[in-house]
Amino acid sequence: MEKRFLKVAQDGHFFDKHQKILVAVSGGNDSMALLECLLATKESLQLDIGIAHVNHQQRRESDEEEAYLRNFAQEQGLAIFVTTYQDEAFTEKKARDFRYRFFEKVMRDQGYTALVTAHHADDQAETILMRFLRGSRLRHLTGIQTIQKFGPGHLIRPLLSFKKSELQAKVFFEDASNQEETYFRNRIRNQYLPQLQKENPKFTDYLLDFGQENTLLFQALQDLTQEVDIQNLAQFKELTPPVQYFLLQEYLTNFPDLELSRAQFEEVLLILRKKANYRHPLKNGYILSKTYEFFEIFKILPETDE
């Protein structure tokens, strides 16, 4: 496992620009397997490793996990940063947002340039199916990126080519909440995917291939249209309607909190194709502003008291 991990990390150049890395460790099998791989290869990859852990206080074992990780870090000579989830109302999204705010703060305060998480191939397939069931656009059915910008550096997921069955940590804590059907991802993992795999045993592999093909498709679109300034309406209107459609989708990825519905997206597209000077409120504080030559989307900031 460590040999393959080293080869994947070197071939992917994951850590070429990162020596001081922060590893998100929950105490479960996946993150502990990731930590073991990184510790086994840290000399070859020239890594300075720190651990970040969030105690969600949702299970009786939470404090035991925290204590174990603190002792483990001390034995290994690793820096460890721990916080406790503080919002009374627990939801998956709130907990995730809390974790990543904490990770980003530690990175900025302590000078880490990369956050490393234990997402693997099964997580990738689950994410694609979740997005499909929620009605996501084709643009968002590309799964999870191996490397993406995050905070003061990058978020790296070096296990995306590994299946969960390949990950086996020496010591880890089992999270009983992974079996609770109240969480959408758990229903995907424990009910929907197993049912679909009865129809097609390679369904998970198909989802991964589908996500990879989508990634390649949109990369090809970027490569072929890199000379196009989509905000230049003269250039935009020279494109065919299908290219306009997908280039506008690509432009909107610059505003992750905008989240236009299908109807709202079609309305924006119609405005760009038909209307002249126009100013149109979107949602979440965003405005579409259009002149004869140019358009832009921007967020209105709250006015100061003055």
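In this predicted model, Gln148 has Leu155 in S6 as its bridge partner. The pair belongs to an antiparallel arrangement in which strand S5, residues 147-150, is joined to strand S6, residues 153-156, by four bridges. Two residues lie between the strands of this hairpin, and Gly151 takes a positive phi near 55° there.

**Other residues with positive phi**

Gly151 is a glycine with positive phi, but positive values also occur in residues other than glycine. Gln46 has a phi near 55°, and this residue sits in the loop that links helix H2 (29-45) to strand S2 (48-55). Glu259, also not a glycine, has a positive phi of about 50°. The loop that holds Glu259 runs between helix H9 (241-252) and H10. Are Gln46 and Glu259 buried or exposed? Gln46 has a relative accessibility of 57%, over the 50% cut-off, so Gln46 counts as exposed. Glu259 reaches 58% and therefore counts as exposed too.

**The sheet of S7, S8 and S9**

An open sheet is formed by three strands in the order S7-S8-S9, with antiparallel pairing. Its edge strands are S7 (278-281) and S9 (295-299), each of which pairs on one side only. On average, neighbouring strands of the sheet are turned by 15° against each other, with direction ignored. Between strand S8, residues 286-290, and S9 there are five bridges in the antiparallel sense. Across from Leu288 stands Ile297, a residue of S9. What lies across S7, S8 and S9? Helix H10, residues 262-274, does, and H10 runs at about 20° to S8.

Which residues make the nonpolar surface patch? The patch consists of Phe132, Leu133, Tyr192 and Leu196, and its area is about 370 Å². Helix H5 (121-133) and helix H6 (184-199) are the elements that give two or more residues to this patch. Phe132 is a residue of helix H5. Its relative accessible area is 53%, over the 50% cut-off, so Phe132 is exposed.

Phe184 is found in helix H6. Why does Phe184 count as buried? Its relative accessible area is 15%, and buried means under 20%, so Phe184 falls into that class. Apart from neighbours within four places in sequence, Phe184 is in contact with Glu92, Met130, Leu133, Arg134 and Tyr192. Leu133 and Tyr192 are also among the residues of the nonpolar patch. The C-alpha atom of Phe184 is separated by 26 Å from that of Asp63, and these two residues are 121 apart along the chain.

**Two residues of helix H2**

Ser31 has its place in helix H2, and Met32 is found in helix H2 as well. With 6% relative accessibility, under the 20% cut-off, Ser31 counts as buried. Met32, with 2%, therefore counts as buried too. If residues up to four places away in sequence are not counted, Ser31 touches Ala24, Val25, Ser26 and Ala118. Met32, leaving aside neighbours within four places, is in contact with Val25, Gly27, Tyr68, Leu69, Ala169, Val171 and Phe172. The C-alpha atoms of Met32 and Gln195 are separated by 29 Å, while the two residues are 163 apart along the chain.

The table collects the accessibility values for the residues discussed above.

| Residue | Relative accessible area | Class |
|---|---|---|
| Gln46 | 57% | exposed |
| Glu259 | 58% | exposed |
| Phe132 | 53% | exposed |
| Phe184 | 15% | buried |
| Ser31 | 6% | buried |
| Met32 | 2% | buried |

**The chain as a whole**

How many helices and strands does the protein chain have? Its secondary structure comes to 10 helices and nine strands. The C-alpha trace spans about 65 × 60 × 40 Å along its principal axes. Of the 306 residues in the protein chain, 42% are buried. The chain exposes about 17700 Å², and carbon and sulfur atoms supply 50% of this area. Contacts between residues at least 6 apart in sequence can be sorted by sequence distance: 65% of them join residues at least 24 apart.

Technical notes:
Residues numbered from 1 in each chain as written. Predicted model: local features only at pLDDT ≥ 70, side-chain atom pairs only at ≥ 80, totals over all residues. Heavy atoms only, no water. Pairing = 2+ DSSP bridges. Patch = residues over 30% accessible without salt bridge, like charges linked within 9 Å, V, L, I, M, F, W, Y side chains within 5 Å. Areas by Shrake-Rupley, 256 points an atom, 1.4 Å probe, with all protein chains shown as cover. Salt bridge = Lys/Arg side-chain N within 4 Å of Asp/Glu carboxyl O. Buried < 20%, exposed > 50% of the residue type's maximum accessible area, 1.4 Å probe, protein only. Axes fitted to C-alpha atoms, helices over the stretch in contact; angles between N-to-C directions. Contact = heavy atoms within 4.5 Å.
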